[in-house]
Amino acid sequence: MTEEQQLQAIKDFSYQKMKKDTSGHNFDHIQRVVKTAKRLLNEEPANKLITLAAAYLHDVADDKLVSDPKELDLEIQKFLQTLGLTSDQIEKILFITRNLSFSKSLENRQKLSLEGQIVQDADRLDAIGAIGITRAIYYGGKHAETIYDPDILPRKNLNKAEYRNLSNETIINHFYEKLLKLTDMMNTPTAKKIAQARHQYMIDFLKEFKNEWNAER
């Protein structure tokens with residue numbers, strides 16, 4: 001099986017797993033992350049197969065999306081074995097998918113390979129800017145979050161459990177608790193550059209939102 005055939009099979013696997021997601025992590029999100037990862041690959045000397053495989057698979061076993069992430073992680077491992085990937089390739093891919101999420105950075109942060117840094121950047125770029133705003137509102141609506149309450153301040157110094165506790169979060173506070181932090185957390189020069197305009201777009205959105213909320217505009 002060629003590398004392109006392996007990637008096509010991984011793409012198809014990801015599609016089947018993510019096509020029904022209604023939290024902003026569906027296959028449209030996956031395809032944007034892959035497209036951005038390809039863009040970053042043009043500037044970085046990283047392994048294409050490892051990078052794109054991880055990009056396609058990065059949300060399949062995400063513990064905020066599935067009830068049994070360990071079972072999905074094992075399923076991914078067995079699936080990659082059927083494609084003829086080596087144990088070393090599989091371990092590199094799984095290390096990325098297990099460790100790239102923002103919640104992982106809150107405790108026991110692991111250093112990612114260049115391939116992992118690219119996928120992480122691509123995933124984080126999709127969480128900011130116009131798409132990021134839309135996804136934040138979409139995800140918050142799915143979980144019945146309060147849109148905004150000026151008496152509820154953004155939380156600070158969160159651990160993973162606290163961050164995942166949506167009962168203490170508003171959609172607008174999510175920008176301060178995560179999204180506005182991502183630009184400074186980008187790994188690659190190209191991602192840092194792309195992030196600047198998207199970051200400013202969110203700043204402008206929040207300013208306009210609060211003006212309208214307070215009936216000042």
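The model is a predicted one, in which local features need pLDDT of at least 70 and side-chain atom pairs count only at pLDDT 80 or more, while totals for chains, interfaces and linings use all residues. Residues are numbered from 1 along each chain as its sequence is written, and side-chain values use heavy atoms, with hydrogens and water left out.

**Stop 1: the nonpolar core**

Begin by selecting I10, L57, I76, L80, I93, F175 and L182, which touch the most other members of the largest nonpolar core, a set of 60 residues. A nonpolar core is here a set of buried Ala, Val, Leu, Ile, Met, Phe, Trp, Tyr and Cys residues joined through side-chain atoms within 4.5 Å. The word buried stands for a relative accessible area under 20%, exposed for over 50%, and partly exposed for what lies in between, using a 1.4 Å probe and protein chains only. Helix α3, residues 48-57, gives this core its largest share, which is eight residues. Helices (H or I, at least four residues) and strands (E, at least two) are DSSP runs, numbered from the N terminus.

Which residues does I93 touch, not counting residues up to four places away in sequence? Select I93 and look for I50, A53, A54, L57, L80 and L85, where touching, or contact, requires heavy atoms within 4.5 Å.

**Stop 2: M202 in helix α10**

Next select M202, which is found in helix α10 and is buried, with a relative accessible area of 0%. Leaving aside residues up to four places away in sequence, M202 touches I128, G129, I133, F175, L179 and L180. If you also mark I137, you can check that its C-alpha atom and that of M202 are separated by 13 Å, with the two residues 65 residues apart along the chain.

**Stop 3**

Side chains of opposite charge can pair when their charged atoms come close. The structure holds 13 salt bridges, each being a side-chain nitrogen of Lys or Arg within 4 Å of a carboxyl oxygen of Asp or Glu.

Select R164 and D62, which form one of these bridges, with the closest N and O atoms 3.9 Å apart. This pair links distant parts of the chain, since R164 is in helix α8 (residues 160-164) and D62 is in the loop between α3 and α4 (69-82), 102 residues apart. R164 is partly exposed at a relative accessible area of 24%, whereas D62 counts as buried at 8% relative accessibility.

D63 counts as partly exposed, at 35% relative accessibility. To see the network of salt bridges as a whole, select D62, D63, K64, K160 and R164, which are linked in it.

**Stop 4: E177 and R155**

Move on to E177 and R155, which form a salt bridge with their closest N and O atoms 2.9 Å apart. E177 is in helix α9 (residues 171-177) and R155 is in the loop between α7 (129-142) and α8, 22 residues apart. Are these two residues buried or exposed? Both E177 and R155 are buried.

**Stop 5: helices α1 and α2**

Select α1 and α2, which pack at an angle of about 145° with their axes 9 Å apart; axes are lines fitted to C-alpha atoms, for helices over the stretch in contact, and angles run from 0 to 180 degrees between N-to-C directions. Here K11, S14, Y15 and M18 in α1 meet F27, I30 and Q31 in α2.

**Stop 6: aromatic pairs**

Finally, look at the rings of Phe, Tyr and Trp (its six-membered ring), which pair if their centres lie within 6.5 Å, with planes under 30 degrees apart counting as stacked, over 60 as edge-to-face and the rest as tilted. By this rule the count comes to eight aromatic pairs. Y15 and F27 form an edge-to-face pair, 5.3 Å centre to centre with 85° between the planes. Y15 counts as partly exposed at 37% relative accessibility, while F27 counts as buried at 8%.

Then select F205 and F209, a tilted pair with 6.1 Å centre to centre and 45° between the planes. Both lie in helix α10 (residues 189-213), four residues apart, about one turn of the helix. To finish, select Y148, F175, F205, F209 and W213, which ring pairs link into a cluster.
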